[in-house]
Amino acid sequence: MPLTWPHLESLLGASAASLYGGEAISQLEHALQSAECAELAGASAALITAALLHDVGHLVAGQGDHDLAMGVDDRHEQIGVAALKDLFADDVLAPIALHVSAKRYLCATEPGYAAALSDASALSLALQGGPMDAGEVRRFAANPHAVAAVALRRWDDEAKIVGKLTPPLAHYLALARQVVRPDSSRTARSVSA
């Protein structure tokens with residue numbers, strides 16, 4: 001079910017209480033650190049928003065703290081895009097949809113990338129299909145959103161620092177409001193409410 005703006009804000013705010021899938025930080029800390037990495041890299045408001053929201057599918061799916069260890073892949077990238085589709089356009093949604101594929105791509109194409117993954121990311125990689133084969137690499141690289149997805153993936157990898165201070169959620173929600181879809185009357189009512 002697609003999210004409204006108030007529900008999205010509430011979901012993100014509540015994510016401070018949930019661990020980020022096997023990591024030592026919360027879902028909210030991970031989201032804020034990812035968004036900050038994108039912002040410091042000079043990314044567009046849309047890509048910063050994608051960095052903030054790339055794992056919202058875990059929240060929508062209700063991922064448990066031990067799901068990865070139990071072999072559960074919640075397909076959060078697909079769930080997240082479905083939940084956000086009424087709020088944002090492809091410049092936000094496509095990098096989110098592709099960030100798991102970007103991890104698989106980097107594992108196949110960049111020496112040492114897989115070995116540098118956190119334990120939780122390495123575990124999820126196995127559940128998500130492992131490194132891409134040559135055909136998958138070619139198809140991924142040809143995607144017009146591949147560069148943005150790889151950038152998002154790198155910020156995702158960096159955003160796992162315990163105790164790191166970031167700008168608050170309100171700062172990134174203000175940026176996200178700048179890229180909310182203008183063509184959705186439901187979205188307009190939800191954001192202005």
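**View A. Glu-9 is partly exposed, at 28% relative accessibility.** Partly exposed lies between buried, under 20% relative accessible area, and exposed, over 50% (1.4 Å probe, protein chains only). The model is predicted: local features need pLDDT of at least 70, side-chain atom pairs count only at pLDDT 80 or more, and totals for chains, interfaces and linings use all residues. Residues are numbered from 1 along each chain as its sequence is written, and side-chain values use heavy atoms, without hydrogens and water. Glu-9 sits in helix α1 (residues 5–14). Helices here are DSSP runs of H or I, at least four residues, numbered from the N terminus. Beyond its neighbours within four places in sequence, Glu-9 is in contact (heavy atoms within 4.5 Å) with Leu-173 and Arg-177. Leu-169 lies 160 residues from Glu-9 in sequence, yet 8.9 Å away in space, C-alpha to C-alpha.

**View B. Helix α3 (residues 45–53) is largely enclosed by the rest of the structure, because nine of its nine residues are buried.** Among them are Ala-45, Ile-48 and Leu-52. Thr-49 is buried too.

**View C. α3 packs against helix α10 (residues 146–158) at about 50°, with the axes 10 Å apart.** That angle makes α3 oblique to α10. Oblique covers what remains after roughly parallel (under 35 degrees), roughly antiparallel (over 145) and roughly perpendicular (65 to 115). Axes are lines fitted to C-alpha atoms, for helices over the stretch in contact; angles run from 0 to 180 degrees between N-to-C directions. The crossing is right-handed: the near helix is turned clockwise from the far one by less than a right angle. Leu-47, Ala-50 and Ala-51 of α3 touch Ala-148, Leu-152 and Trp-155 of α10. By class, the contact of α3 with α10 has six nonpolar, no polar and no charged residues. Nonpolar means Ala, Val, Leu, Ile, Met, Phe, Trp, Tyr, Cys and Pro; charged means Asp, Glu, Lys and Arg; the others, Gly among them, are polar.

**View D. α3 and α6 cross at roughly 40°, their axes coming within 8 Å.** The two helices are therefore oblique to each other. Their crossing is right-handed. From α3, Ala-46, Leu-47, Thr-49, Ala-50 and Leu-53 meet Asp-91, Val-92, Pro-95 and Ile-96 of α6. The contact of α3 with α6 divides into seven nonpolar residues, one polar and one charged.

**View E. The structure holds two aromatic pairs.** In one of them, Tyr-105 and Phe-140, ring centres are 4.7 Å apart and planes stand at 35°, so the pair is tilted. Rings of Phe, Tyr and Trp (its six-membered ring) pair if their centres lie within 6.5 Å; planes under 30 degrees apart are stacked, over 60 edge-to-face, the rest tilted. Tyr-105 belongs to helix α6 (residues 90–109) and Phe-140 to helix α9 (residues 134–142), 35 residues apart. Both are buried.
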